[in-house]
Amino acid sequence: MEFPAEPFKIKVVEPLKMSTRKERAELISSVGFNVFNLPADSILIDLLTDSGTSAMSDSQWAGLAQGDESYAGSRNYYNFEKTVREIFGYRYIIPTHQGRMAENLLFSVILKEGDLIPNNTHFDTTRANVEHKGGRAVDFVIEEGLNPSLEHPFKGNMDTQKLEAFIEEQGPERIPLAMLTITNNSAGGQPVSMENIRETRSICQRYGIPLFFDACRFAENCFFIKERESGYADKSVVEIARELFSYGDGCTMSAKKDGLVNIGGFLGFNSDEWAQKATNLLILIEGFPTYGGLAGRDLEAMSIGFREVLNEDYLRFRISQIRYLGDELDQAGIPIVKPTGGHAVYINAKEFLPHIPQHPFPGQALVVARYREAGIRAVEIGSLMFAHRDPETGEMAYPELELVRLAVPRRVYTSMHMKYVAESMAAICENRDKIKGFRIVQESPYLRHFTAQLEEIV
Ligand code: F0G
């Protein structure tokens with residue numbers, strides 16, 4: 001495979017602080033073995049998330065200097081609106097400070113108590129916003145998407161038969177909209193095909209249900225369509241994006257991913273009926289419609305970021321850098337979710353640490369080992385995040401998968417950094433049977449993984 005060479009050169013550097021194994025072992029123990037509590041400057045390579053962690057370009061930094069901080073009618077808003085409309089095509093564009101605010105606005109406007117929202121797979125904040133407004137979030141990703149080792153070009157696809165059966169069973173009047181998350185983060189950063197989008201669209205249309213995209217990683221999804229779906233190789237990624245969004249009635253967007261910015265997002269849609277309600281609520285909880293929750297300069301950086309993210313040299317590098325990390329791990333015999341997705345490599349911790357059952361958190365055990373041995377921060381996506389007591393039976397319900405996500409920030413780390421990540425994992429591999437599980441000593445009732453305190457079972 002071709003080595004993924006960076007299609008940019010480095011003009012400003014941020015030094016990384018080196019640390020010893022002893023220092024890291026003491027630190028991780030002092031913060032209750034929870035990597036969310038680590039000071040970021042104790043980390044060598046931070047793969048906690050690809051969200052808000054991008055490096056901006058020289059043009060984006062120049063854009064910041066052109067911020068027009070007028071309360072209303074900032075020129076940066078008009079630039080932003082023009083760019084977003086050109087790519088996404090929606091009539092109403094409401095800037096927000098990040099993705100979950102777009103979700104909050106959308107579901108506040110369209111949901112009634114007891115309504116249902118189908119999606120390929122909801123991201124946690126999307127699910128939480130649906131449920132917070134009294135709705136129920138339901139996932140219909142294809143079966144292949146749930147099998148970590150199975151190769152499939154579009155593992156993020158919606159199971160359209162299940163979707164249609166669900167609409168028939170529940171009645172379309174209880175479903176104010178359906179969603180497609182592109183790429184499907186919770187199922188491995190896997191893309192959705194244009195064919196699947198068209199099918200989902202036609203089912204929704206038949207029942208009069210609007211279709212929305214959770215568009216955080218839309219450019220990565222469009223690049224996969226170009227690479228993998230017949231009929232798209234000769235189309236530009238911009239053309240693919242325009243076609244994709246034309247099948248929807250709107251989208252929520254966290255520009256902290258494919259907007260290549262550190263903060264920002266928007267809600268886009270066509271409905272005149274929702275526009276007034278969403279705008280009124282925006283003014284109440286976020287800000288005036290020409291800035292949302294942002295400064296003018298942030299809108300400028302976002303507008304430039306949306307154009308840069310569709311550059312195909314950038315996208316080819318981005319996707320091949322993730323693939324390179326996945327291939328290196330695979331060759332070292334480390335079980336990963338296949339194929340690698342757009343923004344992260346997911347290690348299958350259940351298979352990697354077969355001596356640790358689910359309740360002592362094999363994923364977290366691997367996360368701690370990654371930090372202690374190599375100064376790398378990853379995130380557990382398994383029992384620490386999702387296991388919960390079933391309110392009806394009182395039994396613990398464990399998730400199907402115990403994964404560790406290595407999410408790669410955009411334009412921040414070089415491919416040599418990725419090689420270091422893979423090689424340091426191979427060293428952990430040799431002593432994997434000595435890795436120990438954990439127990440929780442303190443936890444909160446919601447989203448416990450952010451704050452839980454743990455201890456190692458020795
Ligand atoms: N939807 C998806 C698919 C996401 O991955 C995220 C964030 C959001 C919505 C919410 O956006 O953070 O701007 O409010 N994902 C981050 C992650 C946090 O690490 O995967 P936000």
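What you have is a predicted model, where local features need pLDDT of at least 70, side-chain atom pairs count only at pLDDT 80 or more, and totals for chains, interfaces and linings use all residues. Residues are numbered from 1 along each chain as its sequence is written, and side-chain values use heavy atoms, with hydrogens and water left out. The protein splits into domain 1 (21-50 + 311-456) and domain 2 (58-308), with bounds taken from an automatic or database domain assignment.

**Domains**

- Taken over C-alpha atoms, the centres of domain 1 and domain 2 sit 27 Å apart.
- Where the two touch, domain 1 puts in 24 residues and domain 2 puts in 30 residues; contact here means heavy atoms within 4.5 Å.

**The second largest pocket**

- This pocket holds about 1,400 Å³ of space.
- Its lining has 38 residues, and the closest to the pocket centre are Val12, Ala55, Met56, Arg411 and Val412.
- Helix H2 (58-64) and helix H12 (312-331) are the elements that give two or more residues to this lining, and H2 has the largest share, with three residues.
- Domain 1 and domain 2 each supply at least three residues to the lining of this pocket.
- By residue type, the pocket lining has 18 nonpolar, nine polar and 11 charged residues.
- For the type labels, Ala, Val, Leu, Ile, Met, Phe, Trp, Tyr, Cys and Pro count as nonpolar, Asp, Glu, Lys and Arg as charged, and the others, Gly among them, as polar.
- On a 1 Å grid over the protein atoms alone, a pocket is an open set of points with protein on both sides within 12 Å along at least five of seven lines, a cavity is a set where a 1.4 Å probe fits but cannot get out, and lining residues have an atom within 4 Å of a point.
- Grid points are joined across faces, edges and corners, and a volume is the space filled by probe spheres set on the points.
- Helices (H or I, at least four residues) and strands (E, at least two) are DSSP runs, numbered from the N terminus.

**The cavity**

- The count comes to one cavity of 30 Å³ or more, and the largest cavity has a volume of about 60 Å³.
- The residues around the largest cavity are Asn34, Val35, Phe36, Gln364, Val367, Val379, Glu380, Leu384, Met385 and His449.
- Helix H14 (362-374), strand E11 (379-381) and helix H15 (383-386) each give two or more residues to that lining.
- The cavity lining divides into six nonpolar, three polar and one charged.

- Most residues other than glycine have a negative phi, and most peptide bonds are trans.
- The Ile182 to Thr183 peptide bond is cis, with omega near -20 degrees, and Thr183 sits in the loop between strand E5 (178-181) and helix H7 (194-207).
- Another cis bond runs from Lys338 to Pro339, with omega near -10 degrees; Pro339 is in the loop between H12 and strand E9 (344-348).
- Phe33, in the loop between helix H1 (21-30) and strand E1 (45-46), has a positive phi near 55 degrees.
- Phe33 counts as buried because its relative accessibility is 8%, buried being under 20% relative accessible area, exposed over 50% and partly exposed in between (1.4 Å probe, protein chains only).
- Phe361, in the loop between helix H13 (349-352) and H14, has a positive phi near 60 degrees and is buried at 6% relative accessibility.

**Residues to look at**

- Arg217 lies in the loop between strand E6 (211-214) and helix H8 (218-228) and is buried, with a relative accessible area of 4%.
- Not counting residues up to four places away in sequence, Arg217 touches Asp50, Ile182, Thr183, Asn185, Lys257, Asp258, His343 and Arg410.
- Ser424 belongs to helix H16 (residues 415-430) and is buried at 13% relative accessible area.
- The Ser424 side chain reaches the backbone oxygen of Val421 at 3.1 Å.
- Leaving aside neighbours within four places in sequence, Ser424 is in contact with Arg370, Ala374 and Ile376.
- Ile283, in helix H10 (residues 272-285), counts as partly exposed at 45% relative accessibility.
- With neighbours within four places in sequence left aside, Ile283 is in contact with Phe288 and Pro289.

Technical notes:
Polar contact = N/O pair within 3.5 Å; in protein donor to acceptor, adjacent residues only side chain to side chain.
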